[in-house]
Amino acid sequence: MTENPGANEIAGESASTNANAPPPIRKGALRSFIRWVVIAAALLWSVAALILVAAKWVDPPTTAVQTERRLEAWIHGKPYRKRYEFVPLSQISPDFQHAVIAAEDARFYQHHGFDWQAMEIAAEDDMEGGHRLRGGSTITQQLVKNLFFGTGRSVVRKAFEATLVPVAELVLGKRRILELYLNVVEWGPGVYGAESACRYYYQTSARNMDPEQSARLAAILPLPLKRRPDRMNHYSALILERMRQMGW
């Protein structure tokens, strides 16, 4: 019987193609892995969203930042004492509230979670190598980060944060967002919240803070483990001036 060279060549090419193709099992495993990653991400997001809804009425017992600091202390074998006392916004001096807003998010009452103008200014300052009083993150963004993500930086974290910020704005409202932020934000080694910060640095209550003390405490928020309020002469003066410009 006469052999067909063309058929043999086609058969050879087909066998070669099949040999180079990924095994069906490997493709199926990859699809299954991706599917479970998406499901896990959706579940985590849903839990975070439900926590934000609950936070409208329930004061958080801890945060991701607090857990991170405790873990860091345990890993490095260092002592850790947590100072965290949640107080109502009515027990925090208006001067203190205004100083933090002026320092961290001057357009807090105007935006809906993202301050695009501040982000643009922060990006321009970064490109020019300049120094600025604060970054482009709003108080709402910082609250979400404190509650769920800790101090780490990643694209994935930013993506999750961006989707949770509108939820926080919708379900919590500005007053509760400010109350939560002032009570959970890190103000020093093991020091969380306005009341604990005031007692740690000034041996007084948050309701008794004057503008000068408030501005000095607000000035350390970007770097709470490195800055101290008694060294914040320049930054506190800028914050006081901004408060004056805002009518406070």
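**Salt bridges within helices**

A: Glutamate 241 and arginine 244 both belong to helix α10 (residues 233-245), where they sit three residues apart, about one turn of the helix. In this predicted model, their side chains meet in a salt bridge, at 2.6 Å from N to O. Glutamate 241 is partly exposed, with a relative accessible area of 32%, whereas arginine 244 counts as exposed at 54% relative accessibility.

Helix α3 (residues 64-75) holds another such pair, glutamate 72 and arginine 69, three residues apart and about one turn of the helix from each other. These two form a salt bridge whose closest N and O atoms are 3.1 Å apart. Glutamate 72 is partly exposed, its relative accessible area being 32%. Arginine 69 has a relative accessible area of 15%, and it counts as buried because that value is under 20%.

In helix α7 (residues 155-184), arginine 157 and glutamate 161 are four residues apart, so about one helical turn separates them. Their salt bridge brings the closest N and O atoms to 2.9 Å. Arginine 157 is buried, at 7% relative accessibility, and glutamate 161 is buried too, at 3%.

Side chains of opposite charge can pair when their charged atoms come close. The structure holds eleven salt bridges. Salt bridges also link Asp59, Arg176 and Glu179 in a network.

Key
Residues are numbered from 1 along each chain as its sequence is written. This is a predicted model: local features need pLDDT of at least 70, side-chain atom pairs count only at pLDDT 80 or more; totals for chains, interfaces and linings use all residues. Side-chain values use heavy atoms; hydrogens and water are left out. A salt bridge is a side-chain nitrogen of Lys or Arg within 4 Å of a carboxyl oxygen of Asp or Glu. Helices (H or I, at least four residues) and strands (E, at least two) are DSSP runs, numbered from the N terminus. Buried means under 20% relative accessible area, exposed over 50%, partly exposed in between (1.4 Å probe, protein chains only).
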